[in-house]
Amino acid sequence: MAGILYLCATPIGNLEDITYRVVRTLEEADLIAAEDTRHSIKLLNHLGIKTPMTSYHEYNKIDKAKYLVEKLKEGTNIALITDAGTPGISDPGEELVRQCHEAGIPVTSLPGPAACITALTMSGLPTRRFCFEAFLPAEKSDKKERQRILEELKNETRTIILYEAPHHLKRTLADLFEAMGDRDITICRELTKKFESAWRTTFKEALAVYETEEPKGECVIVIRGRSVQEMEEEARQSWEAVSLEEHMEHYMSQGMDKKEAMKAVAKDRGVSKRDVYQGLHGNKNRSELSGSRI
């Protein structure tokens, strides 16, 4: 009978933020796979847990996942932990889970801390709809991919959550400002730790402050999404430079009939179909009158 892979969420700072269920699972598992055994041993010693550990990290995630899957097939119960937070969120746990599913190995996740959710809920920004981007690709090694993602985020209407290290924070804020314009943001630092803070600010204000101050501590950046109303207004303004006739032709050339095209034009311009109809016929009448004078 196959073993079970347990995804065990561990504290992101404060060691009290661990559930009874996670502690019990770490004690009862046959093996703990840890992102950094030197880091995780401190937590296990604090909890008095003696379960054997093995390393599972970004640089061995493919081959080590194959090894762990074989152990699971033999009936070994394995608890996966990351350096901090929930395994599989912006860490190599994703690969192990994928291989387990392909091999038919049961996987269960034990809820607990996640820096992205912790920051979102304390940010003061909308929480109903959000997207998580984790770390942006490094500018030096993958500049094209970084620019592609920034371009995508520019028109994202949901609240955006990103992770960033303190020594990259200024560069990332500058890139986000350039791509998105100024936005309301919250920079959360040192979550659940002694010097935890959530700074409600804007890109422009934060960059001004960091001209003279060096960022400290691991950061989560929470960004207000783009206003739908603002995007609709921009779209309407872009159509104002196009004549009604050209606008109609744009849709009719795509196979729409006149009625459908008129409806689409009215929506683009934020007016009624009647206004479009009168505008088109008014233009036609003026054209005919002008022709009769020639």
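These legends describe close-up views of a predicted model.

Local features need pLDDT of at least 70 and side-chain atom pairs count only at pLDDT 80 or more, while totals for chains, interfaces and linings use all residues. Residues are numbered from 1 along each chain as its sequence is written, and side-chain values use heavy atoms, with hydrogens and water left out.

**View 1. Arg 98 and Glu 102 meet in a salt bridge.** The N to O distance is 2.6 Å. A salt bridge here is a side-chain nitrogen of Lys or Arg within 4 Å of a carboxyl oxygen of Asp or Glu. Both residues lie in helix H4 (residues 93–103), four residues apart, about one turn of the helix. Helices (H or I, at least four residues) and strands (E, at least two) are DSSP runs, numbered from the N terminus. Arg 98 is partly exposed at 39% relative accessible area. Glu 102 is exposed at 60%. Buried means under 20% relative accessible area, exposed over 50%, and partly exposed in between (1.4 Å probe, protein chains only).

**View 2. Arg 171 and Asp 175 form a salt bridge.** Their side chains meet at 2.8 Å, N to O. The two residues sit four apart in helix H7 (residues 169–180), so about one helical turn separates them. Arg 171 is partly exposed, with 41% relative accessibility. Asp 175 is buried, with a relative accessible area of 5%.

**View 3. Glu 190 pairs with Lys 193 in a salt bridge.** The closest N and O atoms are 4.0 Å apart. Lys 193 is partly exposed at 38% relative accessibility. Elsewhere, salt bridges that share partners join Glu 95, Arg 98 and Glu 102 into one network. The whole structure holds 16 salt bridges.

**View 4. Helix H6 (residues 143–154) packs against H7.** The axes are 9 Å apart, at an angle of about 50 degrees. Axes are lines fitted to C-alpha atoms, for helices over the stretch in contact, and angles run from 0 to 180 degrees between N-to-C directions. H6 is therefore oblique to H7. Angles under 35 degrees count as roughly parallel, over 145 as roughly antiparallel, 65 to 115 as roughly perpendicular and the rest as oblique. The crossing is right-handed. H6 contributes Arg 146, Leu 150, Leu 153 and Lys 154 to the contact. H7 contributes Arg 171, Thr 172, Asp 175, Leu 176, Ala 179 and Met 180. Contact means heavy atoms within 4.5 Å. By class, the H6 and H7 contact has five nonpolar, one polar and four charged residues. Ala, Val, Leu, Ile, Met, Phe, Trp, Tyr, Cys and Pro count as nonpolar, Asp, Glu, Lys and Arg as charged, and the others, Gly among them, as polar.

**View 5. Helix H3 (residues 61–73) crosses H4.** Their axes come within 9 Å and cross at roughly 45 degrees. H3 is thus oblique to H4. The crossing is right-handed. Contact residues of H3 include Ile 62, Ala 65, Leu 68 and Val 69. Those of H4 include Glu 95, Leu 96 and Cys 100. The contact divides into eight nonpolar, one polar and four charged residues.

**View 6. Thr 192 lies in the loop between strands S8 (184–189) and S9 (197–202).** Thr 192 touches Ile 12, Gly 13, Asn 14 and Asp 17, not counting residues up to four places away in sequence. Glu 16 is 176 residues from Thr 192 along the chain, with 9.7 Å between their C-alpha atoms.

Conventions: A crossing is left-handed if the near helix is turned anticlockwise from the far one by less than a right angle, and right-handed if clockwise.
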